[in-house]
Amino acid sequence: MENNQKHIIKTDNLSIGYTSKKYINLIASNLNIDLKPGNLVCLLGKNGIGKSTLLRTLTKVQPAIDGDIFINQKNLNEISNSNLSKQLSVVLTEKLPESSLSVFELIALGRQPYTNWVGQLNTKDIKIIETALEETNTKHLMQAKYYQLSDGQLQKVLIARALAQNTDIIILDEPTAHLDIHHTIETFTLLKKLADKYGKTIIISTHEINLALQLADELWLMTPKKFVTGKTNNLIENNQLNNLFSSSLIHFDKEMKQFTISKSN
């Protein structure tokens, strides 16, 4: 069945990085992705390898150096920003601008691609927002100001905003970077539930590798030498995790399906 599904995100020899008038800073090249809908994907790699750059390129925040990106079989360069906002929502790590928005109002911003020019919410919009509040267990916070929230609460509210945007794809850059272990597990479990229940394609860049190995349907592995994608169990069986980190301090235990500290000789 899955083999008959069309790709929701596809790249063809994608190169990512930054350009200026004088030079091109190439971060990674020959990135080929063929992702089917309805998967929770974890993007793994060491700091500075290019994970955030890849996500920013896939979301049209910055241009690709070379190659092509396709969203729902259409070239990203041919998709207007307004149409893209109805297909793809983003949760980034940047600090929110100062405001006095309530939680409800912040989540309601997810409806902007669909509301009229004055941002008026109709009955359908309200229902979608209420569903987002319920699914993320944030309904009891709806009247609070967003700056009053803990990091864990705010992350769930930002996920609720993305859910209210009602897109097939949700992309999150390090969503658990500032969270304790309880809220980290809670966030991963929530994202897995949304992928399974609503058929969302959810892509997360993360350093929570052992959680990713337990919950992700697919992994994207970025190393200095290559970029590998595939089903989590297949990548484990094919020993692809062994090359994720070039360090003698840790190794991947295939039987335990997790990274462990290497035993000294």
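User: What makes two rings an aromatic pair?

Analyst: Rings of Phe, Tyr and Trp (its six-membered ring) pair if their centres lie within 6.5 Å. Planes under 30 degrees apart count as stacked, over 60 as edge-to-face, and the rest as tilted. A search of the whole structure finds 2 aromatic pairs. This is a predicted model, where local features need pLDDT of at least 70, side-chain atom pairs count only at pLDDT 80 or more, and totals for chains, interfaces and linings use all residues. Residues are numbered from 1 along each chain as its sequence is written, and side-chain values use heavy atoms, with hydrogens and water left out.

User: Are Y146 and Y147 buried or exposed, and how do you know?

Analyst: Buried means under 20% relative accessible area, exposed over 50%, and partly exposed in between (1.4 Å probe, protein chains only). Y146 has 8% relative accessibility, so Y146 counts as buried. Y147 has 51%, so Y147 is exposed.

User: Why are W220 and F227 called edge-to-face?

Analyst: The ring centres of W220 and F227 are 6.3 Å apart and their planes stand at 65°, so this pair is edge-to-face.

User: What makes W220 and F227 count as buried?

Analyst: W220 has 0% relative accessibility, so W220 counts as buried. F227 has 14%, so F227 counts as buried too.

User: Where is Q87, and why is Q87 called buried?

Analyst: Q87 is found in the loop between α2 (81-84) and β7 (88-91). Helices (H or I, at least four residues) and strands (E, at least two) are DSSP runs, numbered from the N terminus. The relative accessible area of Q87 is 18%, so Q87 is buried.

User: Which residues is Q87 in contact with, leaving aside neighbours within four places in sequence?

Analyst: Contact means heavy atoms within 4.5 Å. Q87 is in contact with I71, N72, I79, T167, D168 and I169, leaving aside those neighbours.

User: How do you know that the radius of gyration of the chain agrees with a compact globule?

Analyst: The radius is taken over C-alpha atoms, and the globule rule is 2.2 Å times the number of residues to the power 0.38. For 265 residues a compact globule would have a radius near 18 Å; the chain has 19 Å, so the value agrees. The chain has 8 helices and 13 strands, and 46% of its 265 residues count as buried.
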